[in-house]
Amino acid sequence: MQTSANKQTRVRPHYEVVKVLDGDGLIVRNIFTNNEEEIRLLGIDAPEIKVCRKLKQDEREVNISGTYLIELGFKSMKFLLKKAKPQTSVTIVQEQSNLTDAFGRTLAYIILPNGKTLNEIMVRRGYAKPYNKVFCSELPKYQALNLRAKTKKKGLYSLINSF
């Protein structure tokens, strides 16, 4: 992820992954203060892994059973876990206009030790889709990557046309 001077961003290094929660969320810890925080990956959405209001909404929108969506959610989570194992060092990048979501979770891009953005990897590989209900600067890129992943039947798209 490239940050340009005109983007209002907060860059927070010195974190490590504590736990992967699902296909678009994780817990990280500041390695100096040991403070933990829940991160919701900005700009992406993965299927849910438990019954909730969002799962019911997704069922209606894509006409797929909640049971199957949960199965896809676990595949997405498993892929995320491969890319960001516990104790992986990460840098958090936030957009000033999108610091937290309605549930108080930190909205962020996660930069891995190799410099790649976890959010982008999830979309590029077909395990998450762009989340367009909250605008972020990477949304147009994620939409193009998602179309490519869908066309090439990558990740979850190898099993289903939409999620």
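Is Gln-87 buried, partly exposed or exposed, and what is its relative accessible area? In this predicted model, Gln-87 is exposed, with a relative accessible area of 65%; the legends below begin with this residue.

**View 1. Gln-87 in the loop between helix H2 and strand E5.** The backbone of Gln-87 has a phi near 80°, which is a positive value in a residue other than glycine. Gln-87 lies in the loop that runs between H2 and E5. Its relative accessible area of 65% places Gln-87 in the exposed class, because exposed residues are those over 50%.

**View 2. Lys-153 in the segment after helix H4.** Lys-153 also has a positive phi, near 55°, in a residue other than glycine, and it is found in the segment that follows H4 (139–151). With a relative accessible area of 45%, Lys-153 is partly exposed.

**View 3. Strand E5 and the strands paired with it, E1 and E6.** Strand E5 (residues 89–95) is mostly covered, five of its seven residues being buried. Strand E1 (residues 9–22) is joined to E5 by six bridges, and the two run antiparallel; within this pairing, Tyr-15 stands opposite Val-90 in E5. Strand E6 (residues 106–111) is likewise antiparallel to E5, to which it is joined by three bridges, and here Val-93 stands opposite Tyr-109 in E6.

**View 4. The largest nonpolar core, with Leu-41 among the residues that have the most contacts inside it.** This core has 45 residues, and those with the most contacts inside it are Leu-26, Ile-39, Leu-41 and Leu-118. Helix H2 (residues 66–83) gives the most to the core, supplying six residues. In soluble globular proteins, nonpolar side chains tend to be buried together. When residues up to four places away in sequence are not counted, Leu-41 touches Gly-23, Asp-24, Leu-26, Leu-80, Ala-108, Ile-110, Leu-118 and Asn-119.

**View 5. The largest pocket, with a volume of about 700 Å³.** Of the 26 residues that line this pocket, Arg-40, Glu-48, Lys-54, Phe-103 and Arg-105 are the closest to its centre. At least two lining residues come from each of E1, strand E3 (36–41) and helix H1 (53–62), and E3 gives the most to the lining, with four residues. Sorted by class, the lining holds 11 nonpolar, three polar and 12 charged residues.

Conventions:
Residues numbered from 1 in each chain as written. Predicted model: local features only at pLDDT ≥ 70, side-chain atom pairs only at ≥ 80, totals over all residues. Heavy atoms only, no water. Core = buried A, V, L, I, M, F, W, Y, C linked by side-chain atoms within 4.5 Å. Buried < 20%, exposed > 50% of the residue type's maximum accessible area, 1.4 Å probe, protein only. Contact = heavy atoms within 4.5 Å. Pairing = 2+ DSSP bridges. 1 Å grid on protein atoms, 1.4 Å probe; cavity = no way out; pocket = protein on both sides within 12 Å on 5 of 7 lines; lining within 4 Å. Points joined across faces, edges and corners; volume = space filled by probe spheres on them. Nonpolar A, V, L, I, M, F, W, Y, C, P; charged D, E, K, R; others polar.
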